[in-house]
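The following paragraphs lead the reader through one protein model. Please keep the sequence and the structure in view while reading.

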Amino acid sequence: MMNGQGKSDGRVVPAKSPNKAGLHTVAEGMEGSLLAKGNSPPQNIHRSQGRERMQSALGRVRQRALKDKKLKFTNLMHHITATDTLREAYDSLKRDAAAGMDGQTWRHYEENLEEHLQDLSGRLKRGAYRAKPVRRTSIPKADGRQRPLGVPVLEDKIVQYAAVLVLNAIYETEFLSFSYGYRPGRSQHNCLDALYVGMLTKKVNWIIDADIRGFFDTLDHGWLVKFIEHRIGDPRVVRLIRKWLRAGVIEQGRWQAVDEGTPQGGGVSPLLSNVFLHYVFDLWIHHWRKTQTQGDVIVVRWADDFVIGFQNKTEAEQCLAELKKRFEKFGLALHPEKTRLLEFGPFAIDNRKRRNPGRPETFDFLGFTHICGKKRSNGMYTVIRKTVQKRLSRKLQEVKAELRKRMHAPVPDQGKWLRSVVGGFIRYHGVPTNSAAIQRFRFQIGRSWHFTLRRRSERKRLNWERMSRLIARWLPPADICHPYPLRRMGVIT
């Protein structure tokens with residue numbers, strides 16, 4: 001092996017002997033190659049090989065799930081406990097995520113990664129693995145209330161993500177197409193596009209804008225386990241899920257038992273919520289619209305938020321009444337203030353004018369206010385989407401408060417941070433018909449930045465001309481970055 005000065009340190013990587021010593025001697029074949037001192041065989045080769053083995057195994061599970069929709073899988077645990085799966089789960093976690101109650105971080109765990117994964121795999125196989133309580137924190141919601149957020153310990157995150165990798169191979173063949181939330185290869189914009197296209201291509205005149213009250217806090221554990229057992233017949237996997245549900249939470253230093261709900265922030269929580277709503281809502285509404293309706297019906301769902309569009313008002317009213325009873329059966333309830341039936345569609349504008357002055361009602365979904373409108377070019381009906389005003393104002397206030405904390409940071413550091421903030425906002429909200437909102441956001445961020453820099457020194461005032469050059473240098477332009485949904489959906493489908 002060669003070191004940095006061109007000298008060998010004595011280590012040699014053996015090469016495989018050639019099968020036939022025709023053109024080269026056997027000695028030449030066994031000579032091997034020299035490695036630079038301090039370098040070990042590349043780890044990424046082993047990781048890529050492990051990923052290939054894992055994907056191959058999960059591919060076989062997926063094919064069996066797709067072939068037989070009633071098959072119960074009785075031998076899944078070995079996929080979860082495999083070190084290849086656990087390593088893939090570890091690599092998929094966020095490097096700088098908050099630590100759980102044990103204080104273990106991603107980078108500290110990496111120091112002896114293989115030993116840790118082998119130990120974790122062994123405990124899972126022996127049944128010695130114990131789920132730790134979730135550290136609970138609260139984050140403010142748009143309506144002023146607090147949303148509880150759970151932070152599991154690192155090893156629980158790894159095992160949960162490994163379980164999700166395996167269970168997704170089964171449930172992704174099971175879930176219906178109008179379910180979008182937290183599914184591989186599906187984004188919020190896919191969900192928004194499907195809603196937009198449905199409202200323009202189907203005869204939609206009425207909308208049920210629904211929200212389930214406290215869904216993640218009231219999800220019934222008993223029903224959830226029953227739903228899981230429809231497809232998962234491996235008692236070890238079911239027992240693993242029960243451990244996470246019963247682990248409890250640590251809040252303000254005190255442990256609390258949890259009899260219902262799944263902590264938001266846990267890696268397995270989105271999948272469990274999708275499984276629950278798949279049986280409670282998705283299958284039910286899919287059957288209902290096929291057997292109980294005469295007109296067109298469209299459905300899109302993102303986690304516990306969903307929108308249903310109807311051609312006929314009577315069918316919409318009937319669906320809403322039966323949906324409330326359906327949810328009550330499984331311990332859920334529709335939010336009384338966030339669930340409503342409204343007239344929305346190509347005839348809503350004219351119908352509204354005949355009854356009373358004013359525009360048709362609007363509804364909010366995934367950060368956008370959806371508005372009945374008409375195209376300027378030909379006056380035909382369209383759906384206008386604009387950033388929800390409360391969300392835009394709240395984001396501006398958050399940036400303004402953070403700028404105060406960063407007031408004395410170097411201008412390039414401030415510029416890099418603001419570039420990421422403005423760029424992220426534009427990448428999400430930059431849809432057609434929403435250019436005014438993203439331009440306003442960029443302009444207001446520039447004004448707040450200008451105000452912050454002027455406060456740094458009373459002697460040297462920063463005029464707007466110089467500030468405009470800073471804005472042009474650091475803040476991305478407010479350009480529309482998403483095509484019209486009809487165009488994008490046409491390409492995808």
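Is T433 buried, partly exposed or exposed? With a relative accessibility of 31%, T433 counts as partly exposed, because buried means under 20% relative accessible area, exposed means over 50%, and partly exposed lies in between (1.4 Å probe, protein chains only). T433 is located in the loop between α16 and α17. Although T433 is not a glycine, its phi is positive, at about 75°.

The model is a predicted one, in which local features need pLDDT of at least 70 and side-chain atom pairs count only at pLDDT 80 or more, while totals for chains, interfaces and linings use all residues. Residues are numbered from 1 along each chain as its sequence is written, and side-chain values use heavy atoms, with hydrogens and water left out.

The overall composition comes next. The protein contains 19 helices and 13 strands; these are DSSP runs numbered from the N terminus, with helices being H or I of at least four residues and strands being E of at least two. Of the 493 residues in the protein, 46% are buried. Contact means heavy atoms within 4.5 Å. Among contacts between residues at least 6 apart in sequence, 71% join residues at least 24 apart.

The interior may be followed through its nonpolar cores. A nonpolar core is a set of buried Ala, Val, Leu, Ile, Met, Phe, Trp, Tyr and Cys residues joined through side-chain atoms within 4.5 Å. The largest one has 80 residues, and F281 and I308 have the most contacts inside it. Helix α7, which spans residues 154-171, gives the most to this core, with 12 residues. Another core, of 29 residues, lies apart from it and includes Y180, V307, F363 and F365. Leaving aside neighbours within four places in sequence, F281 touches F178, V299, R301, F306, I308, L323 and F327.

D282 belongs to helix α12, residues 269-291. D282 is buried, with a relative accessible area of 0%. Beyond its neighbours within four places in sequence, D282 is in contact with L176, F178, S179, L277 and R301.

Helix α7 also holds Q160. Because its relative accessibility is 6%, Q160 counts as buried. Its side chain reaches the backbone nitrogen of V268 at 3.2 Å. When neighbours within four places in sequence are set aside, the contacts of Q160 are W244, G266, G267 and V268.

Strand β5, residues 206-211, contains A210. At 3% relative accessibility, A210 counts as buried. The C-alpha atoms of A210 and L334 are 6.9 Å apart, although 124 residues separate them along the chain. L334 is also among the contacts of A210 outside four places in sequence, together with D304, D305, F306, K338 and T339.

Rings of Phe, Tyr and Trp (its six-membered ring) pair if their centres lie within 6.5 Å; planes under 30 degrees apart count as stacked, over 60 as edge-to-face and the rest as tilted. By this rule there are 20 aromatic pairs. One of them joins F425 and F441, which are stacked at 3.8 Å centre to centre with 10° between the planes. This pair links distant parts of the chain, 16 residues apart: F425 is in helix α16 (residues 411-429) and F441 in helix α17 (residues 435-455). F425 and F441 are both buried. Elsewhere, one aromatic cluster consists of F215, F216, W223, F227, F276, Y279 and F330.

A charge sits over a ring if NZ of Lys or CZ of Arg is within 6 Å of the ring centre and within 35 degrees of the ring normal. The charged end of K226 sits in this way over the ring of W223, 4.8 Å from its centre. Likewise, the charged end of R186 sits over the ring of Y180, 4.6 Å from its centre.

Y182 is in the loop between α7 and α8, the latter spanning 188-201. Its phi is positive, at about 55°, although Y182 is not a glycine. With a relative accessible area of 48%, Y182 is partly exposed.

How values were computed: Polar contact = N/O pair within 3.5 Å; in protein donor to acceptor, adjacent residues only side chain to side chain.
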